[in-house]
Amino acid sequence: MGKLALAAKVTHVPSMYLSELPGKHQGCREAAIQGHRIIGQRCRDLDVDTFVVLDVHWLVNGGYHVNCNSGFKGRYTSNELPHFIKDMDYAYRGNPQLGRRIAECANAAGVGTRSHEIDSLELEYGTLVPMRYMNGDGHFSVVSVAAWCAWHSLDDSRRFGAALRQAIEASDSRVAVLASGSLSHRFNDNGSPEAAMHQISREFFRQVDLRVVDLWRQGDWKSFCAMLPEYADLCVGEGGMHDTAMLLGLLGWDGYDKPVEIVTDYFASSGTGQINAIFPVPA
Ligand SMILES: [Fe+2]
């Protein structure tokens, strides 16, 4: 019998990788990296065997998609930000059985979903960055789910999340689910000073983000779920915040009542709002 052992919303900002390298940005994202390490250790303590990453950098235009190759190995450079992430080596095992089951359960629930085992279907950095810090030794298997759902309703993503929970519980795996994406996601304008790398693009976004984090701390999911569509729209949510809709679908949507555990405090990165937070799994 499988188990959802941990759920979290996590950052994946490319400046985390930059933070590792010698130079003026070294150490700038240490808090975010430490947050990932804490979540990774928590997963080890819970005997998790597989990460399912809801990745807002995997763009899809129709249907839901799961990358469940038997393994992933390569050297990654971001097309979007090659000056931030370049030549990043990675190697992880996959969990094809779980990926196939996710698609079966979602399809049975009426959410059209394909699982893919295509060697040349690679991981995006919404998966690769958290795995670098939580799973650097390849201890855990990895399944990646497309969560930049360009033409999808948030309600369908909620239902995908509910089906994901069923799939996990019908599997043989102990799973941690990561919603890998930001809060507000309005980048700084081109030509902004380099120091803006640590600032929010607009005070409005920071104020809404902080209110959202308050709701999360209070476990007020009724209010948050009611505002999610407008929040995702007005605050330019990353990937339409389909990662967050899936995560809350997994946990019970507006019937969920647990306060989050903040692992890395809210911070701004290149104009966007970021956080690492564990969402306690209901018994
Ligand atoms: Fe991102």
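The largest pocket has a lining of 27 residues, and Leu81, His83, Phe84, Met197 and Ser270 lie nearest its centre. A pocket here is an open set of points on a 1 Å grid over the protein atoms alone, where a 1.4 Å probe fits, with protein on both sides within 12 Å along at least five of seven lines; lining residues have an atom within 4 Å of a point. The model is predicted, with local features requiring pLDDT of at least 70 and side-chain atom pairs pLDDT 80 or more, while totals for chains, interfaces and linings use all residues. Residues are numbered from 1 along each chain as its sequence is written, and side-chain values use heavy atoms, leaving out hydrogens and water.

The lining of the largest pocket divides into 10 nonpolar, 13 polar and 4 charged residues. Asp, Glu, Lys and Arg count as charged, Ala, Val, Leu, Ile, Met, Phe, Trp, Tyr, Cys and Pro as nonpolar, and the others, Gly among them, as polar.

Turning to the second largest pocket, 18 residues line it, with His57, Glu80, Glu124, Tyr125 and Trp148 nearest its centre. Its lining comprises 6 nonpolar, 8 polar and 4 charged residues.

His57 also belongs to the metal site: the iron ion is coordinated by His12 (NE2), His57 (NE2) and Glu238 (OE), at 1.9 to 2.1 Å. Donors are N, O and S atoms within 2.8 Å of the metal (3.2 Å for Na, K and Ca), and the site may look incomplete because water is not among the atoms. Along the chain, the donors follow the spacing H-x44-H-x180-E.
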